[in-house]
Structures are given as C-alpha cells and as structure tokens.
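Here is a short note for a colleague coming to this structure for the first time. Please keep the model open while reading the points.

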Amino acid sequence: MDLLRVAGGARLSGDVTVVGAKNSALKLMAAALLAPGRTVLTNVPKITDIAIMAEVVRRLGCEVTLTSEDDISRATVEIDVPEVPRHEADYDLVRQLRASICVLGPLLARCGSVRVAHPGGDAIGSRGLDMHVAGLRRMGAEITSEHGFVIATAEKLHGATIWLDFPSVGATENLLMAAVLADGVTEIDNAAREPEIVDICDMLTAMGANIFGAGTSQIVVDGVDALRPVAHRTVGDRIVAGTWAFAAAMTRGDVHVHGVPAAHLEIALDKLVTSGASVAASEDGFRVRIDRRPSAVDIVTLPYPGFPTDLLPMAVGLAAVSEGNSLITENIFDGRFMFIQELTRLAAEIRTDGHHAVVRGRERLSGAPVTATDIRAGAGLVVAGLCADGTTDVGHVHHIDRGYPDFAADLVSLGADVRRIQAPDEPVFTM
Ligand code: EPU
C-alpha cells in the first residue's frame, strides 16, 4: 500500500484544472444502460471508482473502453449496450463501490427484473436504501431482499407521485432512471438539486427523455417507450474544485481553479470570503487568494445548495488552522467525524459532541503519521499536512485514488512537496 509523504509549510499557488465529477460520471455510466447502442462519455475522471464501475457495466453484458484524453487525468468512456443487458450485479464489485446500486433503476426499467447485491454501509455512515425502494414500489415494482441481494421485478413500471423524506442524491437518480421509461408521468418531490442531478437530466433529455424541473425540488418525468444513446460531457467536479479552494485558504495561497463554475460552490466559497479570502469568479472557474491567517467560521453541511458534506474534512481542516473557534455541524452522514481522531494526531484541537465539532484554531499543526479513512478524509489530511510543522505521512492512499485523479501531481504543480512512496510492510504478530 502506498502513502503520501507531505512536507509541511507549503503555500499553494498557481493554476489547477479540475476534470469531470466522479459522482456524475458513475451515474452517467448507469444511465447508458437505458439505451441499446454506443454511449460516449467525455471528461470522465481517471480514478479507481470509474474503473470499478466499468467492470460492473461490463459484467452486465456491455463492451466498455476507456481512452485517455489529452489531459492525463481524464478519459473518454465508450459503452456499447446490448439489446438485452444482463441484470445482476455481484457483491464482489458492489462492496467496493456503493454507487453501483444506481444500476437498479435503469435495469429494472429496461429488463423488468434486477438483482443487485446489497451494498451495506461504509466508513462514513449507515447509508440506507429505503427511499430508493419505496419510490420504485410506488412505481409498481415488487422488491425483496434475499441472501444479500436486492431483487426487484416489474413487468412495466408506471408513473407515480413520490415524496422523498430527504433529498437523497442516489434515490433521486435511481427513480429518475426508472421513470424515464415508465408508463405515464412520475413526479419526484423533495428531489435532490445537485449539479450532478442536472447533468444526468441533461444527458437523459438528449437521449429522448421528457424531464421538467431538473435542479429544483420537484422533478416531473413523462415516460417514453425507448431512448437512444448519445455523446455527453461530464460536468466538472465541484468537490475537487472545493478541495483546491479550501487548500488555497488553509495554506494562505493563491490558486486559480479551472473547470468548475463558482456558482456550483456558492456557499462554500462564501465561507472562505467570511474567513478573509478573496474569491473571484473567472471565465471557466474561480480564483481564491489570502495572504493572512484565515479567521474562524461556523459551517453546517446540508443538501445542495447547502455546504457539501463531501467538503466537511476541508471545513474542519480550515477551522483547525484558523484564528478563533469554529462550530462545524454535519447533517448528512453519521460517520463523517471518524477522521477527526486522525486530524487530532496532527495536534488539531477538536471536541465532538454528536454531529457537532468545536474546533480551536492553531497557528500551525504538527506533522505525524495518519491514515485516510475515506476519499474526502484522505484529501483533508493531506492538505492539513501542508499546514503542519515537519512531515506528515498519510496512509491508505487508495482511498484518495478513488476520487482525486493525480492528487499528488496537482499538489506538486502548485508548489507543494508531496511524494508518493510505498508504505513499509506492517509487522505481523503471531502467537
Ligand atoms: N439515505 C437514507 N435512505 C435512502 C437514501 C439515503 O437513509 O434510501 C440517507 C443516507 O444514509 C445519508 C443521506 O440519506 O445519510 C444522504 O444520502 P444520499 O442518498 O443523498 O447520498 P448518496 O447518493 O449515497 C452521494 C454521493 C456522496 C455524497 C452524497 C451527498 C455518490 C456516489 N455519492 O451519496 O459522495 O456525500 O451523495 O451529497 O454520488 C463521496 O464522493 O465521497 C461521497 C460520499
């Protein structure tokens, strides 16, 4: 296993280009299943999760090719979908990629039955499926859970009015992908509004679907009999862009982020302005600058357009080096704070109580070995290491590889001293 060795004391400065969003590209690959023929997705990030999703789709009977685009961090994915795809996704892949549950809706709509391994929980929280299941049942599906599989059948799905208890990203996407081929009109109320939802709606519309209200809390879908494959460019990754924005502020740097509009990160960037940074929108992104220690700001995560839960580790990291005390509240995932014990190894002063964290900012953190517990925590620990005296080794880098193409290379191009090295073997103790 590799680790990232981070030298403290960097001030990030320069330009960085962000490629397509993981959390969009994965769902666009699932959406391709809705139409037989060749779908072409561009601006897809070259990350482990995309490689796993490619294998999920291959095992459903599709031919998948991934080709590097000019930039080494992005790929074009071509998916050739057969007239009749297979409709079973096994545990060996689903356990590695919870997002593979997003094949449930499209396969049910296309094949009338589907078996997807139950994804279980993961390191950031319990992550249920109840809203996916309740919505599909409303549309006429019969769904059971047997021997570790979610099994859904429906000769023909029909339109329905569905209220989500919470604007779940995954449930909104699964229901959308089922509704586009259902008989009649489906209304999804309290729908998620993320740019990735708008992106998938744009692709489905180009495929021939009738969708109204994408990006609002009420999405209406008028089902059609068949869809056609298209070429589609993936929306830029606002979480990677937000990571660079916070990294610029934490290191008192000056970073111009390209590939994601400032409008996709409004609240997050506004928090940086409150902390003392100057943020300017540009033609294809935004620039974040600060030349003093940031001031403490309180941050609350909420569904889009609220502050994204995926930037929670960056929010806590910023608070840890800011002047003053911050209250950080996490409302989406019950396990998000797990990484805080790693951050306290860097001498961050943090107390948690339920879903609140009180952070007392320090002038500098103190380098130490730490372990990434998930994608976003990993990125947050690396950036925290840049604000520490001495060296920070961040272990379990494979988590970061799941969501950030070339993270270390981008950091180096912005002036950081970060190296990827092979972790020493852990000692094995036997009795
Ligand atoms: N939830 C339920 N029941 C459901 C669905 C969701 O209780 O049927 C709960 C979850 O347990 C969670 C909350 O609702 O507490 C939010 O879940 P949501 O469905 O919105 O999230 P998701 O679709 O599982 C996606 C991203 C996450 C991101 C969240 C929130 C993908 C592959 N994942 O997850 O991204 O944090 O939306 O924005 O799109 C990441 O990229 O590192 C990541 C975790």
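1. Start with Leu 108, which sits in helix 4. The model is a predicted one. Leu 108 has a relative accessible area of 1%, so it is buried, the cut-off being under 20%. Leaving aside neighbours within four places in sequence, Leu 108 is in contact with Ser 113, Val 114, Leu 136, Ala 141, Ala 152, Thr 153, Ala 154 and Leu 157. Ile 151 is 43 residues away from Leu 108 along the chain, and the two C-alpha atoms are separated by 9.7 Å.

2. Next, the nonpolar cores. The largest has 81 residues. Met 53, Ile 79, Val 103, Met 139 and Leu 204 have the most contacts inside it. Take Met 53 as a way in. Its contacts, leaving aside neighbours within four places in sequence, are Leu 26, Met 29, Ala 30, Leu 97, Ser 100, Cys 102 and Val 103. Another core, of 74 residues, lies apart from the largest one. Leu 265, Ala 377, Ala 384 and Cys 387 are among its members. In soluble globular proteins, nonpolar side chains tend to be buried together.

3. Helix 7 deserves a look. It covers residues 195–206, 12 residues in total. From first C-alpha to last it reaches 17 Å, close to the 16 Å expected at 1.5 Å a residue. Which residues of helix 7 are buried? They are Pro 195, Glu 196, Ile 197, Asp 199, Ile 200, Cys 201, Met 203 and Leu 204. After helix 7 comes Gly 208, with a positive phi near 115°.

4. Now the aromatic rings. How many aromatic pairs does a search of the whole structure find? The search finds three. In one of them, Phe 246 and Phe 307 have ring centres 5.8 Å apart and planes at 80°; over 60° counts as edge-to-face, so this pair is edge-to-face. The pair links distant parts of the chain, 61 residues apart. Phe 246 belongs to helix 8 (residues 238–250). Phe 307 is in the loop between strand 18 (299–300) and helix 10 (312–321). Phe 246 counts as buried at 1% relative accessibility, and Phe 307 is buried with a relative accessible area of 1%.

5. Tyr 404 and Phe 407 make a tilted aromatic pair. Their centres are 4.9 Å apart, with 55° between the planes. Are Tyr 404 and Phe 407 buried or exposed? Both are buried. Together with Trp 244, they form one aromatic cluster. Elsewhere, a charge meets a ring: the charged end of Arg 115 sits over the ring of Phe 149, 4.2 Å from its centre.

6. Last, the record. An unreviewed UniProt entry lists Arg 98, Asp 310 and Ile 332 under "binding site". Where is Arg 98? It lies in the loop between helix 3 (91–94) and helix 4 (104–111). At 15% relative accessibility, Arg 98 counts as buried. Asp 310 lies in the loop between strand 18 and helix 10, the loop that also holds Phe 307. Asp 310 counts as buried at 17% relative accessibility. Not counting residues up to four places away in sequence, Asp 310 touches Asn 23, Ile 239, Arg 336 and Arg 376.

Methods: Residues are numbered from 1 along each chain as its sequence is written. This is a predicted model: local features need pLDDT of at least 70, side-chain atom pairs count only at pLDDT 80 or more; totals for chains, interfaces and linings use all residues. Side-chain values use heavy atoms; hydrogens and water are left out. Rings of Phe, Tyr and Trp (its six-membered ring) pair if their centres lie within 6.5 Å; planes under 30 degrees apart count as stacked, over 60 as edge-to-face and the rest as tilted. Helices (H or I, at least four residues) and strands (E, at least two) are DSSP runs, numbered from the N terminus. Buried means under 20% relative accessible area, exposed over 50%, partly exposed in between (1.4 Å probe, protein chains only). A charge sits over a ring if NZ of Lys or CZ of Arg is within 6 Å of the ring centre and within 35 degrees of the ring normal. The expected span of a helix is 1.5 Å times one less than its number of residues. UniProt positions are given in the numbering used here, feature names are shortened, and annotations may be inferred rather than shown by experiment. Contact means heavy atoms within 4.5 Å. A nonpolar core is a set of buried Ala, Val, Leu, Ile, Met, Phe, Trp, Tyr and Cys residues joined through side-chain atoms within 4.5 Å.
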